[in-house]
Amino acid sequence: MSKKLYNMLVNYKDAKPGEPHWWEENWLDCSPEEIIQEFNNTLLPNERARKLIDYEILEGENKPHTWRKTNLVTILRSGMQYDTYRCKECGATGKRFGLGGNIVLDKKYKKQIYCKE
Ligand SMILES: [Zn+2]
């Protein structure tokens, strides 16, 4: 997993009513749940266990695909010329029609606009 900047809403596990949540920004290469668990597992005597209320990803989510052309010769089919591509990171596939156009994701990967890890 590559690092992402998480904005985490946390509170104490034993928070009293009215004790407010707070936001913390952290670059993590694991999930926010895991880092809270890790924190709780290694508490110092003066620290209180925490719980994760919510989180959002601020940076690092929208990683583009790393396209590699998978055909040697441009394909000509039904009057259309195209090249096929596969992302070497996540395996998504797509086609580029004509020269210099964008790579259009294949139907199966339509929702995968960004690369997933
Ligand atoms: Zn990808």
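Strands β6 and β7 run antiparallel and are joined by five bridges. This pairing belongs to a predicted model, in which the protein averages a pLDDT of 90 and 97% of the residues score at least 70. The protein is divided into domain 1, residues 4–59, and domain 2, residues 67–109. Taken over C-alpha atoms, the centres of domain 1 and domain 2 are separated by 42 Å.

- Strand β6 covers residues 80–87 and β7 covers residues 93–97, with G91 in the loop between them.
- Opposite Y82 stands F97, a residue of β7.
- Five residues lie between the strands of this hairpin, and G91 takes a positive phi near 85° there.
- G91 counts as exposed because it has 12 C-beta neighbours inside 10 Å, and the exposed class is set at 12 or fewer.
- Between G91 and I103 there are 14 Å in space, C-alpha to C-alpha, while the two are twelve residues apart in sequence.

- The hairpin of β7 and β8 has five residues between the strands, and in it G98 takes a positive phi near 70°.

- Three strands form an open sheet in the order β2-β1-β3, and their pairing is antiparallel.
- The edge strands of this sheet are β2, residues 22–28, and β3, residues 50–59, each of which pairs on one side only.
- On average, neighbouring strands of the sheet are turned by 30° against each other, direction ignored.
- Helix α1, residues 32–41, packs on the sheet and touches β1, β2 and β3. The direction of α1 makes about 140° with that of β3.
- Strand β1, residues 4–12, runs antiparallel to β2, and seven bridges join the two.
- L9 has W23 as its bridge partner in β2.
- In general, the strands of a sheet pair through backbone hydrogen bonds, in either a parallel or an antiparallel arrangement.

**Confidence of the prediction**

- Confidence in the protein is highest in α1, at 96.
- The lowest confidence is found in strand β5, residues 75–77, at a mean of 89.

Conventions:
Residues are numbered from 1 along each chain as its sequence is written. This is a predicted model: local features need pLDDT of at least 70, side-chain atom pairs count only at pLDDT 80 or more; totals for chains, interfaces and linings use all residues. Helices (H or I, at least four residues) and strands (E, at least two) are DSSP runs, numbered from the N terminus. A residue is buried if 20 or more other C-beta atoms lie within 10 Å of its own, exposed if 12 or fewer, and partly exposed in between; C-beta atoms are placed from the backbone. Domain bounds come from an automatic or database domain assignment. Two strands pair if DSSP finds at least two bridges between them. Axes are lines fitted to C-alpha atoms, for helices over the stretch in contact, and angles run from 0 to 180 degrees between N-to-C directions. Two residues are in contact if their C-beta atoms, placed from the backbone, lie within 7 Å. pLDDT is the predictor's confidence in each residue, from 0 to 100.
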